[in-house]
Structure formats: structure tokens, C-alpha cells
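Here is a short report on one protein model. Look over the sequence and the structure first, then read on.

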Amino acid sequence: MFRKILLSLLILVLLIFGGLFALLATNSDIIIDRFQSYVENSTGAPLVSDTRPEFTLLPNRGLELGASSWEKPDGSLSISFSRASVLISSHALFSGRFSIKNFTVDDLALTVRLQRPLREYLARIPERLEHRRELDDVVESILHGLYIAPDAISVTRGRICFIEPDGRRITLEPFTLNVSDVHPGDSTNFKLSTGISSSAPAFKAGLELSCTALFTKNDAAFAVKNASFTPQEGFSFPEDITFSGAVHYDYGKSTVSLTGLKLSGPAIAAEASGSIASLAQLYLMPKLGDATLKLDIKGDPQRLASILKSPLPFLDHKSFSDCALNAELHWAQGRLEINAMQGRADSVTFGGHLTVLPSPYTMSGDLRFGDVSLESYRADSSGSHMKNLDPRDFTRWPKVDLHLSAEHLRWDRLHLEGVHTRMTGHNGTYELNPFTGILAGSPVTASFKSVMLPTSPLSARISLNLSIPQARLEDISSLLLQETVLTGTGAVNAALSLTSSRGLASLSGSGSISSSNIRTNFSVLPPSTPFSSLITASNKFDRLLLSFKAKEGLVYVNKFTLSAPRLALSGSGRLDLPNKNIDASGTIRIAGSTVLPVLLNGSIRDPRYSLDMRSGKDKEASIDITLDLDLPRQIEKIIGAPR
């Protein structure tokens with residue numbers, strides 16, 4: 001009994017396999033014909049093979065294709081490969097209906113002849129998205145492609161070449177691609193590795209991409225796990241550029257969501273997330289668009305500008321080399337709101353909010369700074385950074401209405417604290433008015449006007465009016481003379497102008513300093529004055545008055561008076577700020593007696609103060625000095641009577 005059952009099973013298996021073999025032999029030709037029809041019907045052109053495709057059952061059921069080629073009738077697209085393997089579904093074996101599971105191809109060569117430059121195709125993408133019909137056509141084409149495409153695609157040793165109308169080529173090779181889960185409504189996985197090169201401009205680089213894409217009738221979602229661009233030749237930087245993040249697009253609502261976008265590259269690292277309420281509306285009618293973005297960015301703008309062949313025009317190449325910005329950006333009603341802004345530029349911290357209108361270009365808001373050193377951002381007016389500007393360039397500068405504040409503001413030897421001001425202006429002409437703060441220990445009230453100059457980048461002619469009622473004169477004298485020669489408090493008033501790129505060497509204007517209680521850090525009597533210690537031992541004075549005019553760094557002191565009950569000094573002179581020297585003369589009047597002529601000349605840092613012997617009739621060494629109680633008369637005999 002058992003032997004009969006076993007024999008029956010064996011006969012049944014043989015019948016099944018025999019029938020299956022007969023079926024496959026019959027359907028293999030059908031499947032091959034269906035494959036060729038499938039290619040021609042899907043693409044519009046037949047696949048030309050050197051040998052007829054072969055049907056295989058083991059180890060994989062499918063078709064093996066030898067060297068083959070395909071070309072679009074107009075010649076704009078051509079494809080060839082050395083070998084391809086098509087894995088068909090089990091259903092196709094029995095039904096004869098063609099259905100591809102996997103597609104593997106080796107030595108793929110794809111050539112695309114473009115009718116327009118590639119950059120024009122890329123530039124037209126937003127334009128095509130604005131037309132709903134064109135967008136629907138694109139979506140339908142993608143979904144149809146996913147429906148007829150193989151479930152998985154593998155390309156090895158591929159080459160893709162884009163040929164522009166002028167003959168320039170952009171080539172991707174060696175090209176390796178693996179795609180899985182190619183179905184409408186499923187997340188399709190992409191893994192790409194290739195080199196990329198161009199003939200003009202000439203460059204070579206590497207490209208790696210790992211991402212997923214999901215397409216449905218209602219929306220599309222992209223998640224980039226990792227995308228990296230590795231420069232090899234023709235680039236001015238060696239670092240990789242990497243990107244990751246997710247994008248979701250709703251066709252019907254035209255909304256875009258951005259999640260966890262990260263960009264890293266030479267001199268920059270940025271993270272962003274946000275949303276666009278209507279992409280089409282934002283493109284067609286920006287004033288009606290609505291978008292938000294949270295941005296966190298760090299980098300080296302100085303190096304980034306150098307890479308982009310537009311170096312920043314600062315004399316100190318370390319300026320703007322370590323910067324960061326964190327802000328919330330909101331675009332609505334045709335304006336950009338930058339809120340919760342915090343950041344730093346080198347060692348300068350800043351924060352606040354801004355409102356920007358693109359047309360007319362307008363900027364308003366509130367900005368707060370920490371310790372600002374303007375000296376670090378002096379413009380370079382020579383060498384490779386030099387650039388003559390057409391005055392019309394400034395018509396593109398924004399109209400500004402900003403409230404500004406700074407904890408400290410430094411420029412050259414100038415140091416202001418607690419600065420508050422309002423900045424207004426447009427077309428390269430801006431004013432700071434009112435301008436308040438603390439300078440030399442005293443409240444200062446001032447107004448500034450800056451007119452951008454076309455002679456060098458970021459160069460401006462600055463004019464100012466200021467009043468400092470209770471200034472520390474030691475700070476003022478140190479600022480002007482680089483030496484502390486006066487101690488006390490006094491009033492400083494000035495109307496000055498200078499060019500930012502030249503500093504004090506371009507100083508022009510007028511001003512005055514006055515004080516009712518002053519101490520000098522030098523002896524009013526020159527060291528060469530005989531018996532000076534017997535005349536006065538005090539350097540305290542009741543009154544100081546100094547008035548000056550300046551032109552191109554030359555400061556002319558037209559009146560200088562320093563007086564005390566027993567002694568008075570008066571004079572005039574010139575300070576040469578560019579060459580840092582001084583040349584002044586005056587007189588010392590001793591109460592109730594004589595006048596001593598004096599000179600002050602030499603370096604501002606170390607001037608020589610002496611009696612003016614040119615005024616005397618006789619030499620000091622030839623006079624017989626007799627010490628008596630009438631000391632002023634003895635001094636008069638030594639140096640000569642005053643004229």
C-alpha cells in the first residue's frame with residue numbers, strides 16, 4: 001500500500017514539473033515579446049540588442065539582455081549598456097503579462113542633449129510650479145513612472161552626460177545607483193554615488209546621496225539622510241559640503257514644511273526649519289505670501305567671501321572671521337520680520353529685531369550691541385580690495401530707521417559707554433541723531449552724519465557735532481595728544497569731520513575746551529628757567545580756555561589760556577596729527593612783573609618745552625646774576641625785557 005502511494009506522488013510531481021516546463025517554454029517567447037513591446041510602448045522607441053534576450057529560470061527567473069541601445073527619435077536622449085538583468089514576477093510566468101520586479105544594468109551610458117543651458121532648466125522650476133496644470137502633469141508623470149518602473153533598480157559603472165547647446169559637457173561617472181521600493185504611495189529609497197565633472201568651467205568633484213522619496217496624488221515628501229559634495233579639482237576649498245533634512249509638499253494647499261535642514265561646508269554651518277503657507281502664492285504674489293523659518297547659522301564670512309571671489313574690504317583680515325546668528329524669520333504682507341535675533345560678529349555680541357521691506361528697500365527695528373571696536377572694521381583702500389564705486393551704487397542702499405545701542409563703542413583712542421542713538425537715512429547718506437552716551441566720564445550729546453564715498457569700499461565722510469559738559473580732561477588730552485597732560489573736568493564742544501578710512505589724519509573742523517579747575521601734569525615753567533622753583537611750586541590753575549580749528553589732520557590752536565592767581569600761560573600753535581608732532585609758542589606771565597616767552601615743539605609723545613631764547617637780546621651765559629629780593633627783575637635781566 002505504501003509503495004503505491006509513493007509511486008502515485010512521484011508520478012504527480014513529474015506531471016506537475018512537466019506541465020510547468022511546457023508552460024514556461026510556451027510563455028517564454030510571449031514574455032520576451034511582451035518585454036520588447038513594454039519598452040517601446042513606455043518610451044516611444046524600441047530597444048535594439050546585439051543578441052535576442054534570453055529567458056532564465058535559475059538562479060533567478062527573468063530575462064538576460066546583452067549589449068543593447070535605445071535612442072529617442074529626435075536624438076535628444078540615448079541609452080546603452082553592456083548587460084542587463086530583468087527579474088519578472090511569478091504572476092508573469094503563468095499569465096504571460098509582463099511585470100518587472102528588479103532591473104540591474106551594467107556599464108550604463110546615458111547621453112542627454114539639452115535644448116537650453118542647464119541653468120535655464122533649473123531657473124524655470126519655480127515658474128512651472130506656479131501653473132497648476134503643469135504641476136498636475138508633472139505629478140501624473142511621476143506617478144505613472146513609479147507604476148510602470150521596476151520594484152528595484154541597480155546601476156553599476158554608469159555614465160551620464162549632459163551636453164549643452166554650446167558643446168559644454170557635464171558628466172557624472174562612475175555612476176552607481178540603487179533604488180528600492182519603487183511603488184506609488186511607498187517610500188522609495190535612493191542611494192547614489194558618482195563623480196561629477198564639467199568642461200567649462202572645468203572642475204571635478206564627488207557626490208554621495210542617500211535619501212527617501214514618497215509620491216502620492218496629494219503630496220510629496222523627501223528625506224535626505226546624507227548628501228555630500230567632495231571637491232577635487234577646480235575649487236578653492238578642500239572641505240566637503242554636506243546636507244540633510246526633510247521636505248514635505250502638499251500639492252493642493254501648495255504648503256511646504258521644512259524639518260531639520262542642516263548644511264555644513266567651508267566656513268559655514270547652518271540649521272533651519274519652518275514652513276511656507278503657499279509656495280505658488282509666494283512666487284506669484286510675494287506680498288500675499290506667508291512663510292516662517294527658524295535659522296541658526298555659524299561661520300567665517302571673511303573666508304566665505306574669499307571663496308566666492310568677493311573678499312570683504314576690511315584692512316584686518318580677521319574681521320568677520322567668527323560669526324553666528326540665531327533668529328526667527330517671518331515673511332508676511334510683503335515684509336520680512338526678523339525676531340528673537342541673537343548673534344555675534346567676532347567678539348561683538350548683538351541682538352534685537354528687524355523689519356525689512358524689499359521694495360522700496362527699507363530696514364527698521366532695534367539693534368543692541370555689546371563691546372564694538374570700529375577700528376577692527378577699517379576699510380582697506382589699497383591693493384586687491386580697492387574698488388572704485390559709481391555713486392549710483394548707493395541708490396541700492398536701504399532706507400533706514402533703526403534704534404541702536406551699544407554697551408561700549410571704541411574707535412582709535414575714542415571710548416564711549418552706554419551709547420543710544422537713532423539711525424536714519426537712505427542712498428548711502430545716514431545720520432545718527434540724537435546720539436547720547438558717556439565719554440570721558442561725562443554725558444555726551446552729539447549728532448553724526450555719514451556720507452558714503454565712491455573712493456574705496458565702506459569709506460565714508462563723517463561729520464559730527466558734540467557737547468561734553470563735564471569731561472575728564474586727562475581722557476581728552478590722552479585722546480588728542482596720546483599723553484595725559486591735563487587733569488580735571490571741563491566742557492568740550494566741537495564740530496568736526498573726518499574720513500573713516502583715514503582716521504584722525506583727515507580731521508577737520510573747530511572746537512573748544514574750557515575748565516574752571518585744572519591741574520597740569522607738567523611744569524608750566526620750562527626746566528631751563530633760572531630759579532623756577534622759587535617762583536611757583538604749584539601746577540593748579542583756576543581757568544583753562546582752548547579753542548582750535550582743524551584741517552586735514554592739522555589742528556591749529558588759535559587761543560590757549562591757562563591762568564592762576566600768581567601765574568598765567570597763553571599761546572597758540574599747530575598739531576600735525578598725521579606726522580604726530582607739535583609746534584607751539586606762548587608766554588608765561590608772572591603776576592605784577594615780567595613775561596617769559598616759551599616754545600613747545602617736537603613729537604607729540606615726547607615734546608620739548610623750553611624758553612624761547614630767540615626773544616632775548618643777550619645770551620643767558622653772559623649775564624651776571626645777582627640774587628636779591630626782586631626776583632622778577634633778575635629774570636628780566638637774564639632773558640631780556642619783553643617786547
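## Overall picture

Of the 643 residues in the protein, 38% are buried. Keep in mind that the model is predicted. The protein has 10 helices and 35 strands.

The accessible surface of the protein comes to about 35500 Å². Carbon and sulfur atoms hold 57% of that surface. Residues 24 or more positions apart account for 47% of them.

## Nonpolar cores

Which residues touch the most other members of the largest nonpolar core? They are Leu466, Val524, Leu544, Leu562, Leu569 and Ile588, and the core counts 56 residues. Strand S27, residues 486-499, gives the largest share of this core, with 5 residues.

Now look at leucine 562. Leave aside its neighbours within four places in sequence. Leucine 562 is then in contact with Ile518, Thr520, Val524, Phe541, Arg543, Leu544, Leu567, Ala568 and Leu569.

## Aromatic pairs

A pair of aromatic rings is described by two things: the distance of the centres and the angle of the planes. The protein has 7 aromatic pairs. One joins phenylalanine 215 and phenylalanine 222, with ring centres 5.5 Å apart. Their planes stand at 85°, and an angle over 60 degrees counts as edge-to-face, so this pair is edge-to-face. Phenylalanine 222 has 37%, which lies between 20% and 50%, so it counts as partly exposed.

Phenylalanine 229 and phenylalanine 235 form another edge-to-face pair. The distance is 5.5 Å centre to centre, with 75° between the planes. Phenylalanine 235 is partly exposed, at a relative accessible area of 30%. Ring pairs also link Phe203, Phe229, Phe235 and Phe237 into a cluster.

## A loop residue

Where is leucine 453 found? It sits in the loop between strand S25 (442-452) and strand S26 (460-472).

Leucine 453 and serine 500 are 47 residues apart in sequence. In space, they are 9.9 Å apart, C-alpha to C-alpha.

Notes:
Residues are numbered from 1 along each chain as its sequence is written. This is a predicted model: local features need pLDDT of at least 70, side-chain atom pairs count only at pLDDT 80 or more; totals for chains, interfaces and linings use all residues. Side-chain values use heavy atoms; hydrogens and water are left out. Helices (H or I, at least four residues) and strands (E, at least two) are DSSP runs, numbered from the N terminus. A nonpolar core is a set of buried Ala, Val, Leu, Ile, Met, Phe, Trp, Tyr and Cys residues joined through side-chain atoms within 4.5 Å. Buried means under 20% relative accessible area, exposed over 50%, partly exposed in between (1.4 Å probe, protein chains only). Contact means heavy atoms within 4.5 Å. Accessible areas come from the Shrake-Rupley method with a 1.4 Å probe; for residues, only the protein chains shown count as cover. Rings of Phe, Tyr and Trp (its six-membered ring) pair if their centres lie within 6.5 Å; planes under 30 degrees apart count as stacked, over 60 as edge-to-face and the rest as tilted.
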